[in-house]
Amino acid sequence: MDEAGAGRRRQNEVYRAGVYGRSPRVPVGIRRLQERAKRALDARAYAYVAGGAGDEATQRANRAAFDRWAVVPRVLRDASARDTSVELFGRRLPAPLLLGPVGALELVHPEADLAVARAAAATGVPMVFSNQGSRSMEECAAAMDGSPRWFQLYWSTSDELVESLVHRAETAGCEALVVTLDTTMLGWRPRDLDLGHLPFALGKGIAQYTSDPVFRRLVEERAAAAGPREPQPRPTPAAVRALVTMARAWPGPFRENLRSPLPRAAVETFLAIYSRPSISWDDLAWLRSRTKLPILLKGVLHPDDARRALDEGMDGVVVSTHGGRQVDRSIAALDALPDVVAAVDDRVPVLLDSGIRSGADVFTAVALGARAVLLGRPFAWGLALAGEAGVRQVVEDVVGEFDLTLGLTGHTAVDQLGPEVLRRVG
């Protein structure tokens, strides 16, 4: 139990600094946070992080789903000491919160995933390394010491590459695998399409690949098998910038990379093997046989899929719409959560991703049955504004608000929360 609590500690830090004229480095409220980040980022970076599929109806639905639930506080209960911690796969976490995988973070800040890893380690909140990271899992793990970390896995068309990534995740101390199933193909994203911008086509967000021995071999084989190059049109400034970006993404001396076919071959190889639309339930046995790590399936929205996941030996599910980035007009993640929780019947942990913006959102999701939630865009906005310190502040603000919401509703521990503390209002 914590006599002060994360919320009061965070408030005290802010208000004491305010006496000396210092305000938080990044806005505490999510709307101002996003507005400030939008001003700080270029159009392509902001569109990539903020954008969703189609008309972005799923993004709006993810947020509207929270508005259909209201918290019912109870009074005259001693909530002076509160415990926000939860246990997940044998690890005690400070709060029911993880930092979800966000790809191509170099668009947002030069230190990208490395800054996020340091912030996660400082707060004790687990980080889910993105398969589309801008820094390798090994580099991030080295910055985290013994702090908890997981790995997101995109199932590429090369099983040999999948196996290599899984082995590296184990070696890097990752404690679980999150297999992302809702991105077997890239969703229809108008913001990126209007700008003609896909970061991976520029060599951004592929550090897990360029640091992998299997992928590097595949790149070298592709480059060696290439025939004579066709005459190229006169290069444009944009094309020159793209080639420079690709050269920087490939390991090795920059000058040599500019003359080498490997950086461009790396992008072409990635685009060719990035994800496998043919993946099916039958493939899970293969993955299960190759790792002892807990495996969670991310992108589960239907209760029958949750039941099947348990039948196939999976260790958890993540209810997710990929932040509204894949299927427009999808059911909201929070709306899908209760049925998935009922289907799983407490046999494995159910996590929620998509739409989490605040500590009050964390409270609502946990009350509806989520063991923990994954935070995404808010920490990316903090990263954009203040790097590692910005991510750390966003995490501390979310945890602080969750702690205060817990106490102000008359509760002292996470396991006291259930649907009875909410009322459906919409």
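The model is predicted: local features need pLDDT of at least 70, side-chain atom pairs count only at pLDDT 80 or more, and totals for chains, interfaces and linings use all residues. Residues are numbered from 1 along each chain as its sequence is written, and side-chain values use heavy atoms, with hydrogens and water left out. The largest nonpolar core holds 126 residues. The largest pocket has a volume of about 820 Å³, and the largest cavity has a volume of about 430 Å³.

**Core**

- A nonpolar core is a set of buried Ala, Val, Leu, Ile, Met, Phe, Trp, Tyr and Cys residues joined through side-chain atoms within 4.5 Å.
- Buried means under 20% relative accessible area, exposed means over 50%, and partly exposed lies in between (1.4 Å probe, protein chains only).
- Among the 126 residues of the largest nonpolar core, Leu97 and Leu352 touch the most other members.
- Helix α18 (residues 377-408) gives the most to this core, with 13 residues.
- Helices (H or I, at least four residues) and strands (E, at least two) are DSSP runs, numbered from the N terminus.
- Contact means heavy atoms within 4.5 Å.

**Pocket and cavity**

- Rolling a probe the size of a water molecule over the atoms shows where empty space is left.
- On a 1 Å grid over the protein atoms alone, a cavity is a set of points where a 1.4 Å probe fits but cannot get out. A pocket is an open set with protein on both sides within 12 Å along at least five of seven lines. Lining residues have an atom within 4 Å of a point.
- Grid points are joined across faces, edges and corners, and a volume is the space filled by probe spheres set on the points.
- The largest pocket is lined by 35 residues. Gly29, Ile30, Arg31, Arg357 and Ser358 lie nearest its centre.
- At least two lining residues of the largest pocket come from each of α1 (6-19), α2 (30-40), α3 (43-50), α4 (57-67), α17 (359-367) and α18. The largest share, eight residues, is from α18.
- The lining of the largest pocket has twelve nonpolar, twelve polar and eleven charged residues. Ala, Val, Leu, Ile, Met, Phe, Trp, Tyr, Cys and Pro count as nonpolar, Asp, Glu, Lys and Arg as charged, and the others, Gly among them, as polar.
- The structure holds one cavity of 30 Å³ or more. Of the 28 residues that line the largest cavity, Pro101, Val102, His322, Gly323 and Arg325 are the closest to its centre.
- Two or more residues of the lining of the largest cavity come from each of α3 and β11 (372-375).
- By class, the lining of the largest cavity divides into eleven nonpolar, eleven polar and six charged residues.

**Helices**

- In α3, six of eight residues are buried. They are Ala45, Tyr46, Ala47, Tyr48, Val49 and Ala50. These pack against α2, α4, α8 (190-195) and α18.
- The buried residues of α4 are Ala57, Thr58, Gln59, Asn62, Ala65 and Phe66. Their cover includes α3, β1 (69-71), α16, β10, α17 and α18.

**Single residues**

- Glu56 lies in the loop between α3 and α4. Its phi is near 65°, a positive value in a residue other than glycine. Glu56 is buried, at 13% relative accessible area.
- Asp346 lies in the loop between α16 (333-344) and β10 (350-353). Its phi is also near 65°, positive in a residue other than glycine. Asp346 is exposed, at 64% relative accessibility.
- Glu170 sits in helix α7 and is partly exposed, at 31%. Leaving aside neighbours within four places in sequence, Glu170 is in contact with Arg290, Thr291, Lys292 and Leu293.
- Ala70 sits in strand β1 and is partly exposed, at 26%. Leaving aside neighbours within four places in sequence, Ala70 is in contact with Val421, Leu422, Arg423 and Val425.
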